[in-house]
Amino acid sequence: MALSTLDRSARTYIAGHRGLVGGAVLRHFARIGFDDLVTRTSAELDLRDPVAVETFFAEQQPATVVLAAAKVGGIMANSTYPADFLSDNLRIQLNVLDAAARHGVTKLLFLGSSCIYPKYAEQPIREDSLLTGLLEPTNDAYAIAKIAGVLHVQALRRQYGFHYISAMPTNLYGPGDNFDPVGSHVLPGLIRRFDEAARVGAESVTVWGTGTPRREFLHVDDLARACVHLLENYDEPEPINVGVGEDLPIRELAQLVAEIVGYRGELAFDTSKPDGTPRKLLDVGKIHSLGWKAQISLRDGLSETYRWYRQQLAAGPLERG
Ligand code: GFB
(Lines give C-alpha, C1' and ligand atoms only; values in the text may rest on other atoms or scores of the structure.)
Protein backbone atom coordinates (compact mmCIF):
# COMPACT_ATOMS: atom_id res chain seq x y z
CA MET A 1 0.00 0.00 0.00
CA ALA A 2 1.70 3.20 -1.20
CA LEU A 3 0.73 5.91 1.25
CA SER A 4 1.13 9.52 0.23
CA THR A 5 2.23 11.56 3.24
CA LEU A 6 -0.07 13.94 5.02
CA ASP A 7 1.54 17.37 5.23
CA ARG A 8 0.30 19.22 8.33
CA SER A 9 1.51 22.56 6.98
CA ALA A 10 -0.38 22.13 3.68
CA ARG A 11 -3.67 23.96 3.25
CA THR A 12 -6.45 21.79 4.66
CA TYR A 13 -10.14 22.49 4.07
CA ILE A 14 -12.56 21.21 6.73
CA ALA A 15 -15.97 21.20 5.03
CA GLY A 16 -18.76 21.40 7.60
CA HIS A 17 -16.82 22.87 10.53
CA ARG A 18 -19.99 24.19 12.20
CA GLY A 19 -21.37 20.67 12.54
CA LEU A 20 -20.76 18.02 15.19
CA VAL A 21 -18.11 16.19 13.18
CA GLY A 22 -16.45 19.07 11.36
CA GLY A 23 -16.20 21.07 14.60
CA ALA A 24 -14.41 18.23 16.38
CA VAL A 25 -12.13 17.67 13.37
CA LEU A 26 -11.24 21.36 13.25
CA ARG A 27 -10.40 21.48 16.98
CA HIS A 28 -8.31 18.33 16.80
CA PHE A 29 -6.43 19.24 13.63
CA ALA A 30 -5.59 22.69 15.06
CA ARG A 31 -4.42 21.09 18.33
CA ILE A 32 -2.04 18.66 16.60
CA GLY A 33 -0.36 21.24 14.42
CA PHE A 34 -2.25 21.69 11.16
CA ASP A 35 -1.42 25.33 10.62
CA ASP A 36 -3.22 26.25 7.40
CA LEU A 37 -6.81 25.27 8.10
CA VAL A 38 -9.53 26.74 5.88
CA THR A 39 -13.22 26.84 6.77
CA ARG A 40 -16.36 28.48 5.42
CA THR A 41 -19.80 28.72 7.02
CA SER A 42 -22.77 27.69 4.89
CA ALA A 43 -23.72 31.38 4.63
CA GLU A 44 -20.28 32.14 3.16
CA LEU A 45 -20.18 29.10 0.88
CA ASP A 46 -23.27 27.08 -0.05
CA LEU A 47 -21.78 23.70 -0.92
CA ARG A 48 -24.91 22.84 -2.90
CA ASP A 49 -23.97 25.56 -5.41
CA PRO A 50 -21.51 24.21 -8.03
CA VAL A 51 -20.31 27.65 -9.15
CA ALA A 52 -19.61 28.82 -5.60
CA VAL A 53 -17.72 25.60 -4.82
CA GLU A 54 -15.67 25.82 -8.02
CA THR A 55 -14.73 29.44 -7.25
CA PHE A 56 -13.76 28.55 -3.69
CA PHE A 57 -11.45 25.69 -4.77
CA ALA A 58 -9.91 27.80 -7.55
CA GLU A 59 -9.09 30.56 -5.07
CA GLN A 60 -8.05 28.52 -2.05
CA GLN A 61 -6.34 25.51 -3.72
CA PRO A 62 -6.48 23.23 -0.66
CA ALA A 63 -4.12 20.23 -0.67
CA THR A 64 -6.20 18.18 1.79
CA VAL A 65 -9.96 18.05 2.31
CA VAL A 66 -12.06 16.52 5.07
CA LEU A 67 -15.61 16.30 3.73
CA ALA A 68 -17.68 16.46 6.92
CA ALA A 69 -20.40 18.70 5.47
CA ALA A 70 -23.75 16.97 5.16
CA LYS A 71 -27.41 17.32 5.89
CA VAL A 72 -27.88 15.02 8.87
CA GLY A 73 -30.59 14.24 11.39
CA GLY A 74 -32.18 11.58 13.50
CA ILE A 75 -34.72 8.97 12.56
CA MET A 76 -37.72 11.36 12.35
CA ALA A 77 -35.89 14.01 10.33
CA ASN A 78 -34.64 11.38 7.90
CA SER A 79 -38.03 9.76 7.43
CA THR A 80 -39.93 13.07 7.16
CA TYR A 81 -37.63 14.88 4.71
CA PRO A 82 -36.11 12.17 2.48
CA ALA A 83 -36.03 14.42 -0.58
CA ASP A 84 -33.92 17.03 1.22
CA PHE A 85 -31.55 14.43 2.62
CA LEU A 86 -31.06 12.87 -0.82
CA SER A 87 -30.78 16.07 -2.81
CA ASP A 88 -28.64 18.19 -0.45
CA ASN A 89 -26.17 15.41 0.24
CA LEU A 90 -25.80 14.38 -3.39
CA ARG A 91 -25.18 17.97 -4.41
CA ILE A 92 -22.68 18.71 -1.61
CA GLN A 93 -20.70 15.58 -2.40
CA LEU A 94 -20.77 16.00 -6.16
CA ASN A 95 -19.64 19.61 -5.99
CA VAL A 96 -16.86 19.05 -3.46
CA LEU A 97 -15.53 15.79 -4.93
CA ASP A 98 -15.53 17.11 -8.50
CA ALA A 99 -13.91 20.41 -7.51
CA ALA A 100 -11.30 18.58 -5.40
CA ALA A 101 -10.39 16.41 -8.38
CA ARG A 102 -10.29 19.35 -10.82
CA HIS A 103 -8.03 21.36 -8.54
CA GLY A 104 -5.63 18.56 -7.69
CA VAL A 105 -6.48 18.01 -4.02
CA THR A 106 -4.03 15.28 -3.04
CA LYS A 107 -5.71 13.78 0.04
CA LEU A 108 -9.42 13.67 0.78
CA LEU A 109 -11.47 11.95 3.46
CA PHE A 110 -15.17 11.47 2.77
CA LEU A 111 -17.34 10.78 5.81
CA GLY A 112 -20.42 8.62 5.52
CA SER A 113 -22.48 6.72 8.05
CA SER A 114 -23.14 3.17 9.21
CA CYS A 115 -26.66 3.42 7.76
CA ILE A 116 -25.21 2.74 4.29
CA TYR A 117 -25.12 -0.97 5.16
CA PRO A 118 -28.08 -3.30 4.58
CA LYS A 119 -30.77 -3.32 7.26
CA TYR A 120 -30.22 -7.01 8.01
CA ALA A 121 -26.45 -7.14 7.50
CA GLU A 122 -24.64 -9.81 9.50
CA GLN A 123 -23.47 -8.34 12.83
CA PRO A 124 -20.94 -6.96 13.51
CA ILE A 125 -21.13 -5.30 10.09
CA ARG A 126 -18.08 -5.77 7.90
CA GLU A 127 -17.15 -3.25 5.24
CA ASP A 128 -17.71 -5.83 2.49
CA SER A 129 -21.42 -6.10 3.31
CA LEU A 130 -22.01 -2.83 1.43
CA LEU A 131 -24.61 -3.29 -1.33
CA THR A 132 -25.45 -6.87 -0.36
CA GLY A 133 -29.05 -6.21 0.76
CA LEU A 134 -31.94 -3.79 1.18
CA LEU A 135 -31.60 -0.60 3.22
CA GLU A 136 -33.49 0.52 6.32
CA PRO A 137 -36.47 2.51 4.91
CA THR A 138 -36.36 5.32 7.53
CA ASN A 139 -33.01 6.49 6.16
CA ASP A 140 -32.73 4.99 2.69
CA ALA A 141 -32.57 8.38 0.94
CA TYR A 142 -29.66 9.56 3.09
CA ALA A 143 -27.98 6.17 2.75
CA ILE A 144 -28.25 6.17 -1.05
CA ALA A 145 -26.64 9.63 -1.16
CA LYS A 146 -23.78 8.45 1.06
CA ILE A 147 -23.36 5.25 -0.99
CA ALA A 148 -23.10 7.45 -4.10
CA GLY A 149 -20.32 9.35 -2.30
CA VAL A 150 -18.42 6.14 -1.54
CA LEU A 151 -18.70 5.08 -5.19
CA HIS A 152 -17.66 8.55 -6.35
CA VAL A 153 -14.51 8.37 -4.22
CA GLN A 154 -13.76 4.91 -5.62
CA ALA A 155 -14.35 6.11 -9.19
CA LEU A 156 -11.98 9.08 -8.73
CA ARG A 157 -9.32 6.73 -7.40
CA ARG A 158 -9.79 4.30 -10.30
CA GLN A 159 -9.98 6.88 -13.07
CA TYR A 160 -7.37 9.38 -11.86
CA GLY A 161 -5.35 7.64 -9.15
CA PHE A 162 -6.26 10.06 -6.36
CA HIS A 163 -5.57 9.13 -2.73
CA TYR A 164 -9.14 9.72 -1.63
CA ILE A 165 -10.72 7.55 1.07
CA SER A 166 -14.09 7.01 2.77
CA ALA A 167 -14.78 6.35 6.45
CA MET A 168 -18.08 5.11 7.88
CA PRO A 169 -18.59 6.16 11.49
CA THR A 170 -21.19 4.60 13.73
CA ASN A 171 -23.77 6.81 15.56
CA LEU A 172 -21.92 9.86 16.88
CA TYR A 173 -22.42 12.20 19.82
CA GLY A 174 -20.60 14.90 21.73
CA PRO A 175 -20.35 18.64 22.31
CA GLY A 176 -21.69 20.65 19.38
CA ASP A 177 -24.50 18.21 18.63
CA ASN A 178 -27.96 19.28 17.50
CA PHE A 179 -30.38 19.11 20.47
CA ASP A 180 -33.54 19.84 18.50
CA PRO A 181 -36.34 17.86 20.23
CA VAL A 182 -37.73 16.37 17.01
CA GLY A 183 -34.96 16.44 14.41
CA SER A 184 -32.02 15.29 16.53
CA HIS A 185 -30.45 11.87 17.02
CA VAL A 186 -31.38 9.81 20.04
CA LEU A 187 -28.68 10.95 22.49
CA PRO A 188 -29.16 14.71 22.27
CA GLY A 189 -32.93 14.12 22.13
CA LEU A 190 -32.88 12.12 25.35
CA ILE A 191 -30.44 14.45 27.13
CA ARG A 192 -32.73 17.38 26.45
CA ARG A 193 -35.91 15.57 27.47
CA PHE A 194 -34.50 13.96 30.63
CA ASP A 195 -32.84 17.18 31.70
CA GLU A 196 -36.13 19.08 31.37
CA ALA A 197 -37.98 16.30 33.20
CA ALA A 198 -35.43 16.21 36.02
CA ARG A 199 -35.72 19.94 36.53
CA VAL A 200 -39.53 20.03 36.67
CA GLY A 201 -39.78 16.72 38.57
CA ALA A 202 -41.86 14.99 35.83
CA GLU A 203 -43.21 11.52 36.65
CA SER A 204 -42.38 10.00 33.29
CA VAL A 205 -40.32 10.67 30.17
CA THR A 206 -41.19 9.48 26.69
CA VAL A 207 -38.64 7.42 24.78
CA TRP A 208 -39.41 6.76 21.12
CA GLY A 209 -39.98 3.25 19.80
CA THR A 210 -39.85 -0.01 21.74
CA GLY A 211 -36.48 0.52 23.40
CA THR A 212 -35.19 -2.76 21.91
CA PRO A 213 -33.12 -1.53 18.93
CA ARG A 214 -29.42 -1.63 19.68
CA ARG A 215 -27.05 1.20 18.81
CA GLU A 216 -23.33 1.85 19.11
CA PHE A 217 -22.13 5.35 20.09
CA LEU A 218 -18.79 6.94 19.26
CA HIS A 219 -17.64 10.21 20.80
CA VAL A 220 -16.91 12.73 18.08
CA ASP A 221 -13.43 13.48 19.52
CA ASP A 222 -12.55 9.82 18.96
CA LEU A 223 -13.76 10.18 15.39
CA ALA A 224 -11.59 13.29 14.92
CA ARG A 225 -8.51 11.27 16.00
CA ALA A 226 -9.56 8.52 13.60
CA CYS A 227 -9.73 11.02 10.73
CA VAL A 228 -6.05 11.94 11.04
CA HIS A 229 -5.10 8.34 11.62
CA LEU A 230 -6.85 7.26 8.45
CA LEU A 231 -5.47 10.10 6.34
CA GLU A 232 -2.01 9.00 7.49
CA ASN A 233 -2.43 5.23 7.46
CA TYR A 234 -5.18 4.15 5.10
CA ASP A 235 -5.26 4.36 1.32
CA GLU A 236 -7.73 1.82 -0.07
CA PRO A 237 -10.93 2.15 -2.12
CA GLU A 238 -13.09 0.25 0.37
CA PRO A 239 -14.76 2.40 3.05
CA ILE A 240 -13.46 1.75 6.55
CA ASN A 241 -15.64 1.47 9.66
CA VAL A 242 -15.05 3.71 12.68
CA GLY A 243 -16.76 2.53 15.85
CA VAL A 244 -16.23 1.34 19.39
CA GLY A 245 -17.11 -2.33 18.85
CA GLU A 246 -19.95 -2.54 21.39
CA ASP A 247 -23.57 -1.47 21.49
CA LEU A 248 -26.53 -1.36 23.88
CA PRO A 249 -30.34 -1.34 23.65
CA ILE A 250 -32.04 2.08 23.56
CA ARG A 251 -33.78 1.22 26.86
CA GLU A 252 -30.39 0.89 28.60
CA LEU A 253 -29.15 4.03 26.92
CA ALA A 254 -32.19 5.90 28.25
CA GLN A 255 -31.48 4.55 31.76
CA LEU A 256 -27.89 5.73 31.52
CA VAL A 257 -28.94 9.21 30.39
CA ALA A 258 -31.48 9.35 33.24
CA GLU A 259 -28.76 8.44 35.73
CA ILE A 260 -26.34 11.03 34.38
CA VAL A 261 -28.84 13.88 34.41
CA GLY A 262 -30.27 12.81 37.79
CA TYR A 263 -33.79 11.91 36.62
CA ARG A 264 -35.58 9.36 38.86
CA GLY A 265 -39.01 8.94 37.27
CA GLU A 266 -40.45 6.35 34.86
CA LEU A 267 -39.71 5.67 31.19
CA ALA A 268 -42.67 5.53 28.79
CA PHE A 269 -42.09 3.98 25.36
CA ASP A 270 -43.96 5.62 22.46
CA THR A 271 -44.31 2.76 20.00
CA SER A 272 -45.99 4.99 17.44
CA LYS A 273 -42.47 6.28 16.70
CA PRO A 274 -40.22 4.16 14.45
CA ASP A 275 -37.53 1.84 15.80
CA GLY A 276 -35.47 1.96 12.64
CA THR A 277 -32.89 -0.70 12.03
CA PRO A 278 -32.81 -3.37 14.79
CA ARG A 279 -29.03 -3.30 15.14
CA LYS A 280 -26.00 -1.76 13.43
CA LEU A 281 -22.88 -2.74 15.29
CA LEU A 282 -19.80 -2.09 13.19
CA ASP A 283 -16.97 -4.57 12.81
CA VAL A 284 -13.94 -2.48 13.74
CA GLY A 285 -11.30 -5.15 13.09
CA LYS A 286 -9.89 -3.29 10.12
CA ILE A 287 -9.29 0.06 11.83
CA HIS A 288 -7.97 -1.71 14.95
CA SER A 289 -5.44 -3.50 12.76
CA LEU A 290 -4.20 -0.05 11.65
CA GLY A 291 -3.53 0.93 15.28
CA TRP A 292 -6.57 3.08 16.11
CA LYS A 293 -9.02 2.36 18.90
CA ALA A 294 -11.79 4.44 20.51
CA GLN A 295 -10.74 5.78 23.92
CA ILE A 296 -13.74 7.60 25.38
CA SER A 297 -16.22 5.42 27.31
CA LEU A 298 -19.92 6.09 26.77
CA ARG A 299 -20.39 7.06 30.42
CA ASP A 300 -17.52 9.57 30.39
CA GLY A 301 -18.46 10.94 26.99
CA LEU A 302 -22.09 11.36 28.01
CA SER A 303 -21.20 13.11 31.27
CA GLU A 304 -18.98 15.53 29.38
CA THR A 305 -21.64 16.12 26.69
CA TYR A 306 -24.23 16.76 29.39
CA ARG A 307 -21.96 19.32 31.07
CA TRP A 308 -21.49 21.03 27.69
CA TYR A 309 -25.25 21.03 27.13
CA ARG A 310 -25.86 22.67 30.52
CA GLN A 311 -23.25 25.34 29.76
CA GLN A 312 -24.97 26.10 26.46
CA LEU A 313 -28.33 26.37 28.19
CA ALA A 314 -26.85 28.75 30.74
CA ALA A 315 -25.34 30.84 27.94
CA GLY A 316 -28.61 31.36 26.04
CA PRO A 317 -31.00 29.78 23.55
CA LEU A 318 -29.88 26.48 22.04
CA GLU A 319 -30.81 26.99 18.43
CA ARG A 320 -27.78 26.74 16.15
CA GLY A 321 -26.85 29.17 13.36
O1 GFB B 1 -30.49 8.29 16.75
P2 GFB B 1 -31.65 7.94 15.93
O3 GFB B 1 -32.58 9.01 15.55
O4 GFB B 1 -31.12 7.30 14.62
O5 GFB B 1 -32.52 6.83 16.71
P6 GFB B 1 -30.92 5.89 13.89
C7 GFB B 1 -31.97 5.67 17.27
C8 GFB B 1 -33.02 4.87 18.03
O9 GFB B 1 -33.39 5.60 19.22
C10 GFB B 1 -34.32 4.61 17.28
C11 GFB B 1 -34.80 5.66 19.32
O12 GFB B 1 -34.76 3.30 17.57
C13 GFB B 1 -35.28 5.64 17.88
O14 GFB B 1 -36.63 5.25 17.80
N15 GFB B 1 -35.18 6.86 20.10
C16 GFB B 1 -35.73 6.86 21.34
C17 GFB B 1 -35.03 8.14 19.74
N18 GFB B 1 -35.99 8.11 21.76
C19 GFB B 1 -35.54 8.94 20.78
C20 GFB B 1 -35.50 10.36 20.66
O21 GFB B 1 -35.92 11.12 21.52
N22 GFB B 1 -34.95 10.87 19.52
C23 GFB B 1 -34.46 10.04 18.54
N24 GFB B 1 -33.92 10.61 17.44
N25 GFB B 1 -34.51 8.69 18.61
C26 GFB B 1 -30.15 7.57 12.10
C27 GFB B 1 -30.37 7.74 10.63
O28 GFB B 1 -30.74 6.38 12.42
O29 GFB B 1 -28.80 7.44 12.46
C30 GFB B 1 -29.39 8.57 9.97
O31 GFB B 1 -31.69 8.16 10.42
C32 GFB B 1 -27.96 8.40 10.46
O33 GFB B 1 -29.43 8.31 8.60
C34 GFB B 1 -27.87 8.28 11.95
O35 GFB B 1 -27.38 7.30 9.86
C36 GFB B 1 -26.49 7.88 12.43
O37 GFB B 1 -29.70 5.22 14.42
O38 GFB B 1 -32.14 5.04 13.88
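This is a predicted model: local features need pLDDT of at least 70, side-chain atom pairs count only at pLDDT 80 or more; totals for chains, interfaces and linings use all residues.
User: Let's start with the overall fold. What makes the protein chain as compact as a globular protein of its length?

Analyst: The protein chain has 10 helices and 12 strands. Its radius of gyration is 19 Å, close to the 20 Å that the globule rule gives for 321 residues, so the chain counts as being as compact as a globular protein of that length. Along the principal axes, the C-alpha trace spans about 60 × 45 × 40 Å. Buried residues account for 51% of the 321 residues.

User: Why is the pair of Tyr-13 and Phe-57 called edge-to-face?

Analyst: A search of the whole structure finds 10 aromatic pairs, and this is one of them. The ring centres of Tyr-13 and Phe-57 are 5.9 Å apart, and the cut-off for a pair is within 6.5 Å. Their planes stand at 85 degrees, so the pair is edge-to-face, a label that needs an angle over 60.

User: Which parts of the chain does that pair link?

Analyst: Distant ones: Tyr-13 belongs to strand 1 (residues 12–15) and Phe-57 to helix 2 (residues 50–60), 44 residues apart. Both Tyr-13 and Phe-57 are buried. Together with Phe-56, they form one aromatic cluster.

User: How do you know that the charged end of Lys-71 sits over the ring of Phe-85?

Analyst: The charged end of Lys-71 is 5.2 Å from the centre of the Phe-85 ring. The distance cut-off is within 6 Å, and the charge must also lie within 35 degrees of the ring normal. Lys-71 is listed as sitting over the ring of Phe-85.

User: Now Gln-61, please. Why is Gln-61 called partly exposed?

Analyst: Its relative accessibility is 40%. Buried means under 20% and exposed means over 50%, so at 40% Gln-61 counts as partly exposed. Gln-61 is found in the loop between helix 2 and strand 3 (64–67).

User: And what makes the phi of Gln-61 worth a look?

Analyst: Its phi is near 50 degrees, a positive value in a residue other than glycine. Most residues other than glycine have a negative phi. Leu-131 also has a positive value, with phi near 65 degrees.

User: Is Leu-131 buried or exposed, and why?

Analyst: Leu-131 has 58% relative accessibility, so it counts as exposed; the cut-off is over 50%. You will find Leu-131 in the loop between strand 4 and helix 5.

User: What else is there in that loop, and what makes Cys-115 buried?

Analyst: Cys-115 is in the loop between strand 4 and helix 5. At 7% relative accessibility, Cys-115 counts as buried, since buried means under 20%.

User: How do you know that the peptide bond from Gln-123 to Pro-124 is cis?

Analyst: Its omega is near -10 degrees, and the bond is listed as cis. Most peptide bonds are trans.

User: Which residues line the largest cavity, and how are they classed?

Analyst: The structure holds 1 cavity of 30 Å³ or more, and the largest cavity has a volume of about 50 Å³. Among its lining residues are Cys-115, Tyr-117, Glu-136 and Arg-279. By class, the lining has 4 nonpolar, 3 polar and 4 charged residues.

User: What is the lining of the second largest pocket like by class?

Analyst: There are 6 nonpolar, 1 polar and 2 charged residues. The lining includes Phe-217, Glu-246, Asp-247 and Ser-297. The volume of this pocket is about 210 Å³.

User: Last one: why is Phe-179 called buried, while Glu-238 is partly exposed?

Analyst: Phe-179 has a relative accessible area of 4%, so it is buried, being under the 20% cut-off. Phe-179 is in the loop between strand 6 (171–173) and helix 6 (186–200), and Glu-238 is in the loop between helix 7 (220–233) and strand 10 (240–242). Glu-238 and Ile-165 are 73 residues apart in sequence and 7.7 Å apart in space, C-alpha to C-alpha.

Terms used: Residues are numbered from 1 along each chain as its sequence is written. Side-chain values use heavy atoms; hydrogens and water are left out. Rings of Phe, Tyr and Trp (its six-membered ring) pair if their centres lie within 6.5 Å; planes under 30 degrees apart count as stacked, over 60 as edge-to-face and the rest as tilted. Helices (H or I, at least four residues) and strands (E, at least two) are DSSP runs, numbered from the N terminus. Buried means under 20% relative accessible area, exposed over 50%, partly exposed in between (1.4 Å probe, protein chains only). On a 1 Å grid over the protein atoms alone, a cavity is a set of points where a 1.4 Å probe fits but cannot get out, and a pocket is an open set with protein on both sides within 12 Å along at least five of seven lines; lining residues have an atom within 4 Å of a point. Grid points are joined across faces, edges and corners, and a volume is the space filled by probe spheres set on the points. Ala, Val, Leu, Ile, Met, Phe, Trp, Tyr, Cys and Pro count as nonpolar, Asp, Glu, Lys and Arg as charged, and the others, Gly among them, as polar. The radius of gyration is taken over C-alpha atoms; the globule rule is 2.2 Å times the number of residues to the power 0.38.
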